[in-house]
Amino acid sequence: MQTVGGGIIADISSGLEPVPVALEYSSQEKLDELQAVHTRYIVHSIIPGREDDRACYYDGCDCSSTSATNLCLNESRCGCIAMHGCYYTRTTPPLLTLLLDLQPSNSPTPPIYECNSSCACPPTCSNRLVQHGCRVPVRVFHTGTARGWSVQVMRAVRRGEFVCEYAGEVVRAREIRKRRWGEGSEGTGTGNYVLCLREYVCVWLLLILYILEPSENGAQALRTNIDPTTTANLGRYINHSCSPNLSLFPVRVDSVVPLVGMFAYRDIAEGEELGFDYAGVIGYGDEVAPSNGEETENGRTRCLCNAGAGVCRGWLPFDARL
Ligand SMILES: C[S@@+](CC[C@H](N)C(=O)[O-])C[C@H]1O[C@@H](n2cnc3c(N)ncnc32)[C@H](O)[C@@H]1O
């Protein structure tokens with residue numbers, strides 16, 4: 001097959017993200033292959049068939065000021081912060097610190113609630129981060145290995161900075177199974193992109209029980225499945241790492257359905273590849289990536305992360321339930 005030359009797309013989000021999401025491809029074939037699957041760029045997760053439902057589920061705060069950015073991080077004044085807590089700092093850029101300090105423990109952390117469309121505060125409010133989209137310029141590129149496409153940052157990132165969302169279609173488990181395996185024996189191969197976020201019921205007693213006994217037994221899990229196979233942001237290109245530099249948190253804005261925010265778990269150097277732990281070892285829930293059948297052994301895919309011997313667990317996390 002003839003290979004035509006590669007190139008760079010300056011911004012695959014076509015201006016939807018506040019920063020460019022560049023994509024470098026080695027051949028037109030590779031690009032065509034990719035674009036045949038990832039057909040639509042979105043900034044935030046969507047619920048298929050309910051995209052027009054923009055109702056805000058939460059009360060808003062009354063913090064009105066045209067210019068102040070840190071107004072809402074003051075608990076005594078802001079209704080949102082008083083009700084849900086303050087998770088971002090007053091710095092520029094705002095950082096997530098408290099929750100990162102709880103990790104790596106695989107214990108549940110409280111969900112983050114940002115100011116929403118019922119709030120009086122301006123878009124510049126520091127309690128509005130994930131809702132504005134990707135914060136860090138990135139480049140999507142092909143690794144030339146079985147890891148496939150990957151994402152690197154084009155500037156240094158500080159621990160706690162919001163990087164981007166893991167955005168896709170929010171669908172039920174039944175629909176995931178249908179997409180993955182098909183109605184009968186034939187699968188359509190939605191594959192290994194589905195992220196399953198499990199949040200343990202936020203009744204403090206249950207939360208404490210869960211921390212004492214970190215298993216699903218007895219704890220009720222709120223499950224959100226995100227399928228970014230065809231409709232997604234750049235999150236779908238981020239690979240698994242056994243030594244991740246990203247950590248995932250559920251973030252709510254207008255809807256009870258959480259967005260999944262990816263924050264820097266440690267300082268990230270310019271040019272470094274992004275990675276998160278698909279098993280959710282560092283993170284709030286269980287992120288899973290069933291094998292896509294490449295280089296597999298007993299249904300598992302060999303891990304090609306660069307964490308090194310003794311750190312790399314050898315195989316990609318696999319959840320047979322999906
Ligand atoms: C969410 S996608 C990540 C983007 C993907 N690399 C691509 O080309 O579209 C997950 C898939 O990427 C590959 N992958 C991700 N991390 C990997 C790793 N550490 N080692 C080997 N393959 C990996 C596997 O095929 C996995 O099923």
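**Entry 1: a hairpin.** I started with strands E13 and E14, and found that a hairpin of 6 residues connects them. I kept in mind that I am looking at a predicted model. E13 covers residues 246–252, while E14 covers residues 259–264. I then looked up how they pair: the two strands are antiparallel, with 6 bridges between them. To see this for myself, I picked out Leu-246, which sits opposite Ala-264 in E14.

**Entry 2: the other partner of my strand.** Next I looked at E4, a strand of residues 112–113. E4 and E13 run parallel and are joined by 2 bridges. Here I found Tyr-113 opposite Arg-252 in E13.

**Entry 3: inside or outside?** Is E13 largely enclosed or largely open? I checked its 7 residues and 6 of them are buried, so the rest of the structure largely encloses this strand.

Entry 4: I moved on to Ser-14, in the loop between strand E1 (5–9) and strand E2 (21–27). Its phi is positive, about 50°, even though Ser-14 is not a glycine. I noted this one down because most residues other than glycine have a negative phi. Is Ser-14 buried or exposed? I found 10 other C-beta atoms within 10 Å, and the cut-off for exposed is 12 or fewer, so Ser-14 counts as exposed.

**Entry 5: a cis bond.** Last, I went to the loop between helix H2 (79–84) and helix H3 (98–101), where Pro-93 lies. The peptide bond between Thr-92 and Pro-93 is cis, with omega about -5°. That went into my notebook too, because most peptide bonds are trans.

Note on methods: Residues are numbered from 1 along each chain as its sequence is written. This is a predicted model: local features need pLDDT of at least 70, side-chain atom pairs count only at pLDDT 80 or more; totals for chains, interfaces and linings use all residues. A residue is buried if 20 or more other C-beta atoms lie within 10 Å of its own, exposed if 12 or fewer, and partly exposed in between; C-beta atoms are placed from the backbone. Helices (H or I, at least four residues) and strands (E, at least two) are DSSP runs, numbered from the N terminus. Two strands pair if DSSP finds at least two bridges between them.
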